[in-house]
Amino acid sequence: MTVVQMKNVSKKIKNHMILDNLNFDFEENQIVGFLGKNGSGKTSLMKIIAGEWSSTSGQVYVNDQKPFNNKKVLAKVCFIQEGNNFPVDMKISKLLKLCRNFYPNWNQEVAESLLELFDLDRTKKIKELSKGMESAVGVMVGISSRCEITIFDEPYIGMDANARKKFYQYLLNDYIEVPRTIIFSTHLIDEVSSLFQKVYVINKGRLLLDIQTDELKEKVYAITGPTKEIEEIKNKFTILEEKHFMGNGEIIVFDQSEKEHVMPENCKRNALNMQDIIVHVTEKGEQIL
Amino acid sequence: MKLDVNSEVPIFQQVAEIISNEILNNNILEGQQVPSTNEIAEFYQINPATARKGLNILVEDEILYKRRGIGMFVKEGATRKILQQRKNEFTHVFLKPLLEEARRLGISIDEVKKLIDKQGE
């Protein structure tokens, strides 16, 4: 079943185009990544999916319903943002009680084990927690809610590498146990990209790529070889970066063709890691569209 | 046994390689069941769909077969098949780069042969 559907969706705030004619949809029970630079529109897009914001134009469907101000959708979505998720004067124990009543699939056992995993003291108020601890509370609520759609918008601010690793591990294992739709936006791409089945790359409010994670490496890669030979094949690709040094060159290409290119004799194709791919793609965004 | 999520090799391909290696090393025998998609996903911390893709490559290559509702098993003759594949790749993956580097260094083919003999002793 299609869980999120966007048709010509735009969002304008004070004459400023935040999201520009987005079209995409995806199936339920996948972990998808929303990637892009700061200010690209990721958070706005997540707010629209979560029903917090309306779009200026276009149609948005979440589980075949319009999400904005829709209680039926809200109950199925858990949206964890990078901060200010909870009232600062609330004790963790009170928060747990509220969540148990609010989220229909709430799992208390999961919540308890996450409290222990992150060393959270339930007698503390949110405002008494460090930034990382506060983020851990968000992570705990996001996973324990077991909502049909869980959205994490850079939920790990202040969490150290150990805590982040525990979070990714717990999230994946809980997803394997109870498959559901998870939308995740992050800048720490290499830490989590192996969890994503699909990625959406957003730049200046526009959708640059809508692609299966492992197909990305087939589309964006480096070619190294003698400058002469590089020049010969250059025009077959969209060039994202080009460097030459001592008679040798390296180009980062976006390969839009269906079939594999035959490389000149002394040229080599090298794959890039996910972080580099996203950096190159978002730097040269306009050329891809 | 190690998987590198930031490697240049796609993760699903690494999954397929790891399983084939374990078959070659006789850690999983022909006829035996291989770990499930979820077990692989959990162990290597990757998306289950990626793990599934890796296993499916081996099904296509007729190294594994599916038993509905039970899991995936190593086919009879799988070891020989993997060996054959690896031998075919040997020239491309190992020999060609070796000879390229030898040419760059001005080492003749005869000298390379001698070096191999010496190393093999």
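User: Which residue is the bridge partner of F34(A) in strand 8 of chain A?

Analyst: In strand 8 of chain A, F34(A) has Y200(A) as its bridge partner. This is a predicted model, where local features need pLDDT of at least 70, side-chain atom pairs count only at pLDDT 80 or more, and totals for chains, interfaces and linings use all residues; side-chain values use heavy atoms, with hydrogens and water left out. Residues are numbered from 1 along each chain as its sequence is written, while chains are lettered from A and ligands numbered from 1 in the order in which they are written.

User: What makes strand 3 and strand 8 of chain A a pair?

Analyst: Strands are DSSP runs of E with at least two residues, numbered from the N terminus, as helices are (H or I, at least four). Two strands pair if DSSP finds at least two bridges between them. Strand 3 (residues 31–35) and strand 8 (residues 198–203) of chain A share four bridges in the parallel sense, so they count as a pair.

User: Why are strand 5 and strand 9 of chain A said to stand at the edges?

Analyst: Six strands of chain A form an open sheet in the order 5-6-7-3-8-9, with mixed pairing. Strand 5 (77–80) and strand 9 (206–212) of chain A each have a single partner strand, so one side of each has no neighbour in the sheet. From one strand to the next, the twist averages 15°, an angle taken between N-to-C directions on a scale from 0 to 180 degrees, with axes fitted to C-alpha atoms (for helices, over the stretch in contact).

User: And what about the sheet of three strands in chain A?

Analyst: That open sheet has the order 2-1-4 in chain A, with antiparallel pairing. Strand 2 (16–27) and strand 4 (57–62) of chain A are its edges, since each has a single partner strand. Strand 1 (residues 2–13) and strand 2 of chain A are joined by eight bridges, and V9(A) stands opposite L22(A) in strand 2 of chain A. Helix 1 (residues 42–49) of chain A packs on this sheet, touching strand 1, strand 2 and strand 4 of chain A.

User: How do you know that chain B is in contact with chain A?

Analyst: Contact means heavy atoms within 4.5 Å. By that test, 18 residues of chain B are in contact with 18 residues of chain A. The buried area (accessible area, 1.4 Å probe, that two parts lose on being put together, summed over both) is about 1500 Å² between these chains, with carbon and sulfur atoms giving 49%. E8(B), Q45(B) and N47(B) supply 38% of the area that chain B buries against chain A, more than any other three residues.
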